[in-house]
Amino acid sequence: MELRELTRAEEEVMQILWTREPAFVKDILEEFPEPRPAYNTVSTIVRILEQKGFIGHKAYGKTHEYFSLVSKEEYKSFATGKLMEGYFENSVEEMFSFFVREKKIDVQEADEILKLIEKMKKQ
């Protein structure tokens, strides 16, 4: 299955499902901050995610319990790839420079990244 980009609302539902799965629509709804969306809104988003192949369900009569078919790691890899391609010309250096310029990375995080690079060099 080829992954597709999620809307913001779809991504919010997936974030909840990844931490709370399996879950019923009412369980997903409970995780939203106030003011919560309507039950029907969340139910519609869940059905769209199912049509897109991101989630599946187990039926209990008329009630459905939902679970993810795409892991958070899979989607993270896809979304990061889209971000890199669309905004940083597929350049990690360009992305890192951006985060440094925007002060989104502190010295401690930069040190951790350097340690990862050193570890990579030794392999």
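Visitor: Which residues does Phe54 touch, not counting residues up to four places away in sequence?

Guide: This is a predicted model, in which local features need pLDDT of at least 70, side-chain atom pairs count only at pLDDT 80 or more, and totals for chains, interfaces and linings use all residues. Residues are numbered from 1 along each chain as its sequence is written, and side-chain values use heavy atoms, with hydrogens and water left out. Contact means heavy atoms within 4.5 Å. By that rule, the residues touched by Phe54 are Leu3, Arg4, Leu6, Met14, Leu49, Phe67, Ser68, Leu69, Val70 and Tyr75.

Visitor: Is Ser68 buried or exposed?

Guide: Ser68 belongs to strand β2 (residues 63-68); helices (H or I, at least four residues) and strands (E, at least two) are DSSP runs, numbered from the N terminus. Its contacts, not counting residues up to four places away in sequence, are Met14, Leu17, Trp18, Glu21, Phe54 and Ile55. Buried means under 20% relative accessible area, exposed over 50%, and partly exposed in between (1.4 Å probe, protein chains only). Because its relative accessible area is 15%, Ser68 is buried.

Visitor: How far apart do the C-alpha centres of domain 1 and domain 2 lie?

Guide: Domain bounds come from an automatic or database domain assignment. Here the chain is divided into domain 1 (6-66) and domain 2 (71-119). The distance between their C-alpha centres is 29 Å.

Visitor: Which helix gives the most to the lining of the largest pocket?

Guide: On a 1 Å grid over the protein atoms alone, a pocket is an open set of points where a 1.4 Å probe fits, with protein on both sides within 12 Å along at least five of seven lines; lining residues have an atom within 4 Å of a point. Among the lining residues are Val92, Glu93, Phe96, Ile113 and Met120. Both α5 (92-101) and α6 (107-122) supply at least two residues of the lining. With six residues, the helix that gives the most is α6.

Visitor: Why does Lys103 count as exposed?

Guide: Lys103 is placed in the loop between α5 and α6. Although Lys103 is not a glycine, its phi is positive, at about 55°. Lys103 counts as exposed because its relative accessibility is 72%.

Visitor: What distance separates the C-alpha atoms of Lys76 and Lys103?

Guide: Lys76 is part of helix α4 (residues 72-87), and counts as partly exposed at 43% relative accessibility. Lys76 and Lys103 are 27 residues apart along the chain, and their C-alpha atoms are separated by 22 Å.
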